[in-house]
Amino acid sequence: MNMANRRGSLLISLIIGMTVVAILGAGMIYMTTTATYAELFANRQARAYYLGEAGGRFAMKLLGDNIGNPGFYPGGKSPASTTYTMANNDRFTLTSRDHLTDASRVVVESTGIVHAGAWLESKRKITYNIIRSNPESAIDGTTDIAFDGNQDVTLDTTWKVDVGNPSNISFDSKTNAVLIKNEEEALIALKPTAIDLADARTNSGNLLSYEVQVKVNPVIEGNKGEYFVQGISFRYDQTRGVSYGVSFFRAIYDDKKVPDWYANKMGDGFKIRPLPRDGNIYLVLWKKTSKTGRYELMNYAPASAYGLTYLYQGIIRLRQFSTLLLNLKEECLPAPTPPAVCTSARRNRIQLYVASPDNYPAQTIHWNYTTGTIFQPVTWTMASGIPNNSCSGAGEPPTVCDSDLTTQNYAAPYPSEVGVHSFYDQPSSNDQYFADFAMRGEGLGGSGSHQY
């Protein structure tokens, strides 16, 4: 082969090689670009789905606020609809219609929309089949779970004293409040037979959700009430020694006055200086598990930010009968397709609302805690060393999620589930602590709401 032929063959080989490389490069660009867009679209679809879920939860709340109005339809009756827009322009649209065969139910369609009007707009529609008579619960706030419904100065038989001497815990008919005498530590729990929570859970796809509220009054005078933790226990199981709690909390700097329960039972998060051990009163969310056996601080917020404290004779005090309202929602991960029930992992969605006695006086009970009512949603600060547990959805009040204490292994003998607790720094005498306990929960008296 002469030199000219060799040069021609080399040139042809180079051209073929460059062509192959160009084709491979174009293919790689296509594949990586496709992967990028696939991830982008998947993210928008997920956001749209969560917006749809947020709309469904909002629809349940609207139905709860209009429980006495059988003609109410969240978002309007189809073809009417209402769109709710978030600050970032994400939105969800609600529309409703009657159930085809069950007059007690309403069907709500919630459509989550991300980047509305743009070429990357994504939509996800979720349909909810909700029992109209009680969208969030069949304990609608009228169920009698009073501390002392018959006013005989003793606790009703629906209650049991798990911690403390029952003879030191009674009811004061003058103030309609529980009195705790000569006890530094007390826990009053609902008996498992008081409310059929097992049936409620079954009717709600093996998920147990409810709302609880109570008014609290720790008497602070002199050196009384320098240390206290008082509020609602939930997911409470005495046998396993586990619980969550939302409480009013106070602790001071002075190590000489530390009560035994504070030293031995409260976790390190409660003892950090200056916060929350600075003499101020805090709202706290805590958890007790078998891992440490102590009450571990998860989140906190200053009670003063919600108008619940005042200064008297140099001492910070809690407004008498300030209200704690817990909204606990158990959710399945991932959500099953009805009528299937939850058999997989789950978590608790926890929200806390508060109200001052100026807006919500003792001997009254309300359940409307939407924006602008007498209640205020609590915005939390995470305790030191706690991973980010915020899980607030679009347009949703501050929400904490935790999966340690769920009903995944719920079985007889059933736990009490709910109670009120009181830790105090010295024996008290005729001090009113708890009043106006009320509860409602999803799934009693009929099937709960379904999402599909």
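Reply: A residue is called buried under 20% relative accessible area, exposed over 50%, and partly exposed in between, with a 1.4 Å probe and protein chains only. By that definition, 49% of the 452 residues of the protein count as buried. The model is predicted: local features need pLDDT of at least 70, side-chain atom pairs count only at pLDDT 80 or more, and totals for chains, interfaces and linings use all residues. Residues are numbered from 1 along each chain as its sequence is written, and side-chain values use heavy atoms, with hydrogens and water left out.

Me: How many helices and strands does the secondary structure of the protein hold?

Reply: Helices (H or I, at least four residues) and strands (E, at least two) are DSSP runs, numbered from the N terminus. Here they come to 3 helices and 23 strands.

Me: What is the strand order in the open sheet of 8 strands?

Reply: Strands of a sheet pair through backbone hydrogen bonds, either parallel or antiparallel. Two strands are taken to pair if DSSP finds at least two bridges between them. In this open sheet the order is β5-β8-β21-β10-β11-β12-β13-β19, with antiparallel pairing. The edges are β5 (159–163) and β19 (381–382); each has a single partner strand, so one side of each is left without a neighbour in the sheet. Within the sheet, β12 (residues 281–288) and β13 (residues 295–302) run antiparallel and are joined by 7 bridges. Leu-283 stands opposite Ala-301 of β13.

Me: How many residues of strand β9 are buried?

Reply: In a regular strand the side chains alternate between the two faces of the sheet. For β9 (residues 210–216), 7 of the 7 residues are buried, so this strand is largely enclosed by the rest of the structure.

Me: Which strands does β9 pair with?

Reply: β9 is joined to β16 by 7 bridges, the two running antiparallel, and Val-216 faces Ser-322 in β16. Six bridges, again antiparallel, link β9 to β22 (residues 431–441); there Glu-211 stands opposite Arg-440.

Me: Which strands pair with β17?

Reply: β17 (residues 345–355) has 9 of its 11 residues buried, so it too is largely enclosed by the rest of the structure. With β16 (residues 322–333) it forms an antiparallel pair over 11 bridges, in which Thr-323 has Ala-355 as its bridge partner. With β20 (residues 400–402), β17 pairs in the antiparallel sense over 3 bridges, Arg-349 standing opposite Cys-401. A further 2 bridges join β17 to the antiparallel strand β18 (residues 376–377), where Tyr-353 is partnered by Pro-377.

Me: What residues line the second largest pocket?

Reply: On a 1 Å grid over the protein atoms alone, a pocket is an open set of points where a 1.4 Å probe fits, with protein on both sides within 12 Å along at least five of seven lines; lining residues have an atom within 4 Å of a point. The second largest pocket is lined by 28 residues, of which Phe-58, Lys-61, Tyr-353, Glu-396 and Pro-397 lie nearest its centre. Two or more lining residues come from each of α1 (3–65), β16, β17 and β18.
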